[in-house]
Amino acid sequence: AGEFILPEVREKLALLENEKRADIEKLLSPEEFFDYEIRSSVTARRLRDQLALFEPSEAEFRAMFTLQNAVEAKYGGGRIQNLTTAERRERNQALRALPAQMQSVLTPERFAAYELAIDPVYRQTREFVATQALPPTAAAQIVTVQKDTTARANALRQDRTLNAEQRTAQLASLVAETNAKLSATLGEKG
């Protein structure tokens, strides 16, 4: 049926999934069930994919899984196909709030690495860096320059103390500075 699932079929699928989960949970201790979930659940697979560039330690993954799993458990255990459109919207809102919660289980340095790893721009930049045979660290440098430049350009555009000529000159200076930084990272070919 593709994306279209009749409500009664959705209910039956959810019921079967819940029964399966309850049966497995009865057989295992709470610790064993957590280990089972962290290795085989849809939520764990999705989180592993999302964190591939982050490379979390086992302790970090367990803590992050606990947070992610709490959201997913509320919305069908990660089985998106069983959710209504409204439930999907609510789930997406809850998932967007997760990165801030991840900060509570990671050190500041690891949280910064996590934020970078889940950034779609960073992922695309890593792919570009790989095609140019540049070191993987170049991707982080490029994204850092991009974020810094964007923030500074936005600040210049919003600075009402500058006239149009001053703003244009400072933006041109920022462009030259950014080009120099990127050239140093990318080399002539990049």
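Glu 177 is partly exposed, with a relative accessible area of 28%, where buried means under 20% relative accessible area, exposed over 50%, and partly exposed in between (1.4 Å probe, protein chains only). The structure is a predicted model, in which local features need pLDDT of at least 70 and side-chain atom pairs count only at pLDDT 80 or more, while totals for chains, interfaces and linings use all residues. Residues are numbered from 1 along each chain as its sequence is written, and side-chain values use heavy atoms, with hydrogens and water left out.

The side chain of Glu 177 meets that of Arg 152 in a salt bridge, at 2.8 Å from N to O. A salt bridge is a side-chain nitrogen of Lys or Arg within 4 Å of a carboxyl oxygen of Asp or Glu. This pair links distant parts of the chain, since Arg 152 lies in helix H9 (residues 137–158) and Glu 177 in helix H10, 25 residues apart. Helices (H or I, at least four residues) and strands (E, at least two) are DSSP runs, numbered from the N terminus. Arg 152 is partly exposed, with a relative accessible area of 32%.

Helix H10 spans residues 164–186 and also holds Thr 178. Thr 178 has a relative accessibility of 11% and therefore counts as buried. When neighbours within four places in sequence are left aside, Thr 178 is in contact with Val 145 and Thr 149, contact being heavy atoms within 4.5 Å. Thr 178 and Gln 146 are 32 residues apart in sequence, and their C-alpha atoms are 8.1 Å apart in space.

By the salt-bridge rule, the count comes to 13 salt bridges. Arg 21 takes part in a salt bridge with Glu 25, at 3.7 Å from N to O. Glu 25 and Arg 21 are 4 residues apart in helix H1 (residues 7–27), so about one helical turn separates them. Glu 25 counts as partly exposed at 40% relative accessibility, and Arg 21 is partly exposed with a relative accessible area of 31%. The side chain of Arg 21 also meets that of Glu 37 in a salt bridge, at 3.3 Å from N to O. Here the pair links distant parts of the chain, with Glu 37 in helix H2 and Arg 21 in helix H1, 16 residues apart. Glu 37 has a relative accessibility of 10% and so counts as buried. Elsewhere, Asp 35, Arg 39, Glu 58 and Arg 62 are linked in a network of salt bridges.

Two packed helices are described by the angle between their axes and the distance between the axes. Helix H2 (residues 30–40) and helix H4 (residues 58–74) pack at an angle of about 90°, with their axes 11 Å apart. Axes are lines fitted to C-alpha atoms, for helices over the stretch in contact, and angles run from 0 to 180 degrees between N-to-C directions. H2 and H4 are therefore roughly perpendicular to each other; angles under 35 degrees count as roughly parallel, over 145 as roughly antiparallel, 65 to 115 as roughly perpendicular and the rest as oblique. On the H2 side the contact is made by Phe 34, Asp 35, Glu 37, Ile 38 and Arg 39, and on the H4 side by Phe 61, Arg 62, Phe 65, Thr 66 and Asn 69. The residues of this contact divide into 4 nonpolar, 2 polar and 4 charged. In this division Ala, Val, Leu, Ile, Met, Phe, Trp, Tyr, Cys and Pro count as nonpolar, Asp, Glu, Lys and Arg as charged, and the others, Gly among them, as polar.

Rings of Phe, Tyr and Trp (its six-membered ring) pair if their centres lie within 6.5 Å; planes under 30 degrees apart count as stacked, over 60 as edge-to-face and the rest as tilted. By this rule the count comes to 5 aromatic pairs. The rings of Phe 34 and Phe 65 have centres 5.6 Å apart and planes at 70°, so this pair is edge-to-face. Phe 34 in helix H2 and Phe 65 in helix H4 are 31 residues apart, and the pair links distant parts of the chain. Phe 34 is partly exposed, with a relative accessible area of 26%, whereas Phe 65 is buried, at 0%. Phe 61 and Phe 65 form a stacked aromatic pair, 6.4 Å centre to centre with 20° between the planes. Phe 61 is buried, with a relative accessible area of 11%. Together, Phe 34, Phe 61 and Phe 65 form one aromatic cluster.
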